[in-house]
Amino acid sequence: MLTITDLQASVDDKEILKGINLEIKPGEVHAIMGPNGSGKSTLASVLAGREEYEVTGGSVEFEGQDLLEMSPEERAAAGIFLAFQYPVEIPGVTTINFLKTALNEIRKSRGEAPLDAAQFLKLMREKAKIVNIDDALLKRSLNEGFSGGEKKRNEIFQMAMLEPKLAILDETDSGLDIDALRIVAEGVNKLRSPERAVIVVTHYQRLLDYIVPDYVHVLYKGRIVKSGSKELAFELEEKGYDWIKAEVAAL
Amino acid sequence: MSNILNNDLKQQLVADFQATESRLNGEAKTEVHQKRREAMQRFEALGFPTIKHEEWKYSNVNNLVKQAFDFNVKSDFGANDVETLEIPNLQGNVLYFVNGMYNAELSSIVSPESQLQILNFGRAVKEKPELLATYFAHYANYQDEAFTALNTAFAHDGVVVHVPAGKVVEEPIILRFITDARTANAASQPRNLIVVGKNAEVKMAEAFRTIGDNGSFTNVVTEIVVEENANVQYYKVQNETEKAYHIGTTQVIQKDKSHFYAVTVTVNGGFVRNNLNIVLDGQHCESFMYGLYFPNGKQHVDNHTLVDHAKPNSYSNELYKGILKDTSTGVFNGKIFVREYASKTNAYQSCRNVVLSDEASMNTKPQLEIYNDDVKCSHGTTTGKLNDEAIFYMRSRGIPKAEAVTLLMYAFCEDVISQIKIESIREYLSGLIVEKLAQ
Ligand SMILES: Nc1ncnc2c1ncn2[C@@H]1O[C@H](COP(=O)(O)OP(=O)(O)OP(=O)(O)O)[C@@H](O)[C@H]1O
Ligand SMILES: [Mg+2]
């Protein structure tokens, strides 16, 4: 589904990703962990098409297409979704209005008829229930004045609405209370299917109790320095990153 | 009025005035005409302002005053044309003025006379002499303002509205000023007087529209008297051509406990100058002023506001917002006076702009003159670009870039648009704005 080969990216001439290799197959869940500033969000942003980051080498293929040639909106239409670590506040645009525009644009690009107001509302109610998000929140300006947890929940709600093939969750668990964490994880699990894949960027094992990964990778200084099964996450939780840093230093 | 095209507008106007006066017969002796004559003298003395004049520093009327205009263009603008310029679902008292002249055929007045007395200026001179004697030219400053003097000197048509005390006018008043520049450089000087009695309420809009490829010049003055505890919603909507000059003054006087709301939206126009002057001549008044402008190309939009807190305990708040593209220019000049006796005044002002091109420019100038210590006043201006993070966020959800930009710009305007309480006008504007923003 997604093949990342030797991906390098920089911002303002500062190299951040220094050759990432990653293969994701349909149905898989990959967790990406790693110390602060190692490049996890950068990788997520590059996959979503943020123009600030300059890709200086390597390739990314998504379902046979050259992802790096596509605009962010084309990637969304192709089925990529990024749940932002820091969702943006957009005053004056309600979540409902925003999502209706987004959903219908995606449908349009796939040659599907737009949803009318009633169909959209029905879908929205259904999905809002899954992530237990309040109607009142959706009528407000997008993320404006939302609490940290509300913002994260809104990201998962958007994911549920857009039903992406590849969801990238960038620290969606940070700032969530225990109940919200479970609800968000359930939302992700509802989306899981043999055709869909998920990348979970997180610092904590606790989210992975709910969304059980097939693979765990450690990103450090712009490279994936270690990959393993879900046990690796337990090991990291217990021991921290020093041993990995030492391993890298020894090379 | 002469059709002689003279290349000096001032000389042309002086000649026009004399010609008009000689045809007035009995009306020449009326109080209204005495005002006109006085105003003409003032205009002759003042002349058109130049950029040396502090209030006209960024708005140069030099190109305007060198042009020749016909103030009496015959127009065959009729019902068919109205259809093409239709504002959907427009209901209420809709009055048409074509090249400054009232068109009774196109107009319709639906409110009962007990709620609303509304007639064109010419008729009011004959039928409501007391009303005009009491209010006409009492507030708009023709002593010092050249364009107001000029308008006053040529005050022959426009609307006179009187809402009797205690009446709530249910249907809005929509004044449509159509400049038909299809055959010539067309000019007009509408003059409006709105008197809203004690405890009365009214919603009104002035909508300016130019058609045709020639130049045009509108010099409009509207005086609004808001009596004690009255409530007035006033909207000014401009959608004129690139060649259109528009200079307008809305002069408002508020009495005790009155409420006044103004929303000024400039969708299009070549050279626009809007003066909104409010005198809070009462206690516990509230005034709200909102503005929106979207100049592109070479358009120039200048909003001057003046809020004069003459009595204690009143509140004013203004919010102007603009989006500038291409080589357009914008001006916001907001003056707030708090007089010596006007303690416990609250006066707020904010002007926010998005400048989308390096060649576009916005001049903002807040001016606070406060002669009392016991007040709360603030002002702020910002000029920025669109938020790139927000654009990326929207695109990452599948919204194409152009649409994301339009959505964001519309969102920026939303809090002003939503102030318009005449639904048909709000919908009409919102459509025009979306169209303009997508350009
Ligand atoms: N726009 C930018 N301009 C300058 N530096 C940047 C920019 N974006 C990222 N960086 C730098 O790149 C490095 C990687 O950042 P990134 O946000 O990808 O880290 P991360 O792994 O997601 O960290 P965290 O766990 O704290 O979220 C950091 O040193 C960061 O300061
Ligand atoms: Mg991060």
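Me: Which residue stands opposite Asn277(B) in S15(B)?

Reply: Strands of a sheet pair through backbone hydrogen bonds, either parallel or antiparallel. Here two strands count as paired if DSSP finds at least two bridges between them; helices (H or I, at least four residues) and strands (E, at least two) are DSSP runs, numbered from the N terminus. In this predicted model, the residue opposite Asn277(B) is Leu306(B) in S15(B). Strand S13 of chain B, residues 271-280, runs parallel to S15(B) and is joined to it by 10 bridges.

Me: What should I know about the conventions before going further?

Reply: Residues are numbered from 1 along each chain as its sequence is written, and chains are lettered from A and ligands numbered from 1 in the order in which they are written.

Me: How many bridges join S15(B) to strand S17 of chain B?

Reply: There are 10 bridges between S15(B) and S17(B), residues 329-338, and the two strands run parallel. Within this pair, Thr305(B) stands opposite Gly334(B).

Me: With which side chains does Asp302(B) make a polar contact?

Reply: A polar contact is a pair of N or O atoms within 3.5 Å; within protein, one must be able to donate a hydrogen and the other to accept it, and residues adjacent in sequence count only if both atoms are side-chain atoms. Asp302(B) lies in strand S15 of chain B and is buried, at 1% relative accessibility. Its side chain makes a polar contact with the side chain of Ser59(B) at 2.6 Å, and another with the side chain of His304(B) at 2.7 Å.

Me: What does the UniProt record place at residues 183-412 of chain B?

Reply: An unreviewed UniProt entry places there the feature "domain: SUF system FeS cluster assembly SufBD core". UniProt positions are given in the numbering used here, feature names are shortened, and annotations may be inferred rather than shown by experiment. In the model, this stretch of chain B is 9% helix and 61% strand, with its end C-alpha atoms 38 Å apart.

Me: How many residues surround ligand 1?

Reply: A residue is near a molecule if one of its heavy atoms lies within 4 Å of it. Ligand 1 is surrounded by 15 residues, and the closest are Gly37(A), Lys40(A), Ser41(A), Thr42(A) and His203(A). Helix H1 (40-48) and strand S2 (14-24) of chain A each supply at least two residues of this shell, and H1(A) provides the largest share, 3 residues.

Me: Which distances describe the approach of ligand 1 to Asn36(A), Ser38(A) and Thr42(A)?

Reply: An N or O atom in the side chain of Asn36(A) is 2.9 Å from an oxygen atom of ligand 1. For Thr42(A), a polar side-chain atom lies 2.5 Å from a ligand 1 oxygen atom, whereas for Ser38(A) a backbone N or O atom lies 3.2 Å from an oxygen atom of ligand 1. The protein covers 70% of the 630 Å² of accessible area that ligand 1 has on its own; such areas come from the Shrake-Rupley method with a 1.4 Å probe, and for residues, only the protein chains shown count as cover.

Me: Where is Asn143(A) found?

Reply: Asn143(A) is in the loop between strand S8 (141-142) and helix H6 (148-162) of chain A. Although not a glycine, Asn143(A) has a positive phi of about 65 degrees, and at 0% relative accessibility it counts as buried.

Note on methods:
This is a predicted model: local features need pLDDT of at least 70, side-chain atom pairs count only at pLDDT 80 or more; totals for chains, interfaces and linings use all residues. Side-chain values use heavy atoms; hydrogens and water are left out. Buried means under 20% relative accessible area, exposed over 50%, partly exposed in between (1.4 Å probe, protein chains only).
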